[in-house]
Amino acid sequence: MRQVGGMVWLGWLIAGPTAWAGAFSVAYGLHGLGCELGWPALDVGPLSLQRMAIALPSLAAILLCLVLLSRVKATLGPEAGLPRLGLWIGLIATLYTMAPVLVATSC
Amino acid sequence: MKCAALAAVPLVLSGCTGPLSTLSPSGPIAQDIAWLWWALLAGAALLALMVFVLVALGFGRPREVAEGRWVFGMGVWFSLAVLTLTLAGALWIGERMLPHGPALEVHAHARQWSWSFTHPGTTGRTETEGVLHIPAGRPVDVLLTSSDVIHSFWVPQLGGKMDAIPGRQNRLRIEAARPGTYEGLCAEFCGLEHASMRFEVIAHDPAAWPPLLTMEGSRP
Ligand SMILES: [Cu+2]
């Protein structure tokens, strides 16, 4: 089995779930802050500031996963299998957990 | 052993009825919550059934299995479908339970270890100890406050539960379909006497609303 710097490979492996966890934590914090500061009443384009504040970190996490997905094969070669799965899990988990934010009452 | 286990089933199930059961709802909001409970039970039962079938198959003769079908078909897509359906149901019911639209407002104030309520009476606003009076057949918003620690207002047959937090006011919508007496309790551990922090909700016939209330309330 080819060794691709153990820790680097591990980093790629957990990148997807970590992106999701990061977006979730930031959204969680901003959600509480927004409820206290009255963000649901402030409109920013088509969405309220509240929904925007929760959707943007998720969008960032999704973009990060897409960028990493486009590079995982070139970087890790034959060892790319599991990290690629991890990135897809991070991407789908982010979509899944953040989608209700666009429809549900926030506060 | 088997007989003892079977005999215990009715005993355990009997815990599912009674005045503090979410499964014997007495109003539209509590009814929604009960539906959600049954939907979650059905989803969990389906998933458990799948696992049991897999375990049972494991005891049979070794055979070729279509790994992809089990891992992705059942492990991922089937589980995800059940979770998505129950999540959608929970969101939908959650939205219906929110205090949108007009409702009668009453105040509930919690302290270690009792509740006092303020509501409209025949002689203006009246305060009672341990008994909340509401009209049946229409939504009521309970405005929750606390003077010491976090408590939680819960009348399982009439609606969901909501924390009473010092320094802020929370709003919980409840509704009783029929006149009657319903039991409530503090649902957030709040100290030594937490378990005895009970109260009653009396839903009155709309024709007899507002009721003649006295300061003492009517808790025995
Ligand atoms: Cu309490």
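User: How many residues of domain 1 of chain B are in contact with domain 2 of chain B?
Analyst: In this predicted model, nine residues of domain 1 of chain B are in contact with twelve residues of domain 2 of chain B.

User: What area do the two bury between them?
Analyst: Domain 1 and domain 2 of chain B bury about 720 Å² between them, with 56% of it on carbon and sulfur atoms.

User: Changing topic, which residues coordinate the copper ion?
Analyst: The donors are ND1 of B:His151, SG of B:Cys186, SG of B:Cys190 and SD of B:Met197, at 2.1 to 2.6 Å. The site is tetrahedral, with angles of 92 to 124 degrees among the four donor atoms.

User: How are the donor residues spaced in sequence?
Analyst: The spacing is H-x34-C-x3-C-x6-M. B:His151 in strand 6 and B:Cys186 in strand 9 are 35 residues apart, a pair that links distant parts of the chain.

User: Are B:His151 and B:Cys186 buried or exposed?
Analyst: Both B:His151 and B:Cys186 are buried.

User: Why is strand 8 of chain B largely enclosed?
Analyst: Strand 8 (residues 170–174) is largely enclosed by the rest of the structure because four of its five residues are buried.

User: In which sense does strand 8 pair with strand 5 of chain B?
Analyst: The two strands pair in the antiparallel sense over five bridges. B:Leu143 stands opposite B:Arg171 in strand 8.

Note on methods. Residues numbered from 1 in each chain as written. Chains lettered and ligands numbered in written order. Predicted model: local features only at pLDDT ≥ 70, side-chain atom pairs only at ≥ 80, totals over all residues. Heavy atoms only, no water. Donors = N, O, S within 2.8 Å, 3.2 Å for Na, K, Ca; no water. Tetrahedral: all angles 85-135°; square planar, octahedral: opposite > 155°, others 65-115°. Buried < 20%, exposed > 50% of the residue type's maximum accessible area, 1.4 Å probe, protein only. Pairing = 2+ DSSP bridges. Contact = heavy atoms within 4.5 Å. Buried area = accessible area lost by both parts, 1.4 Å probe.
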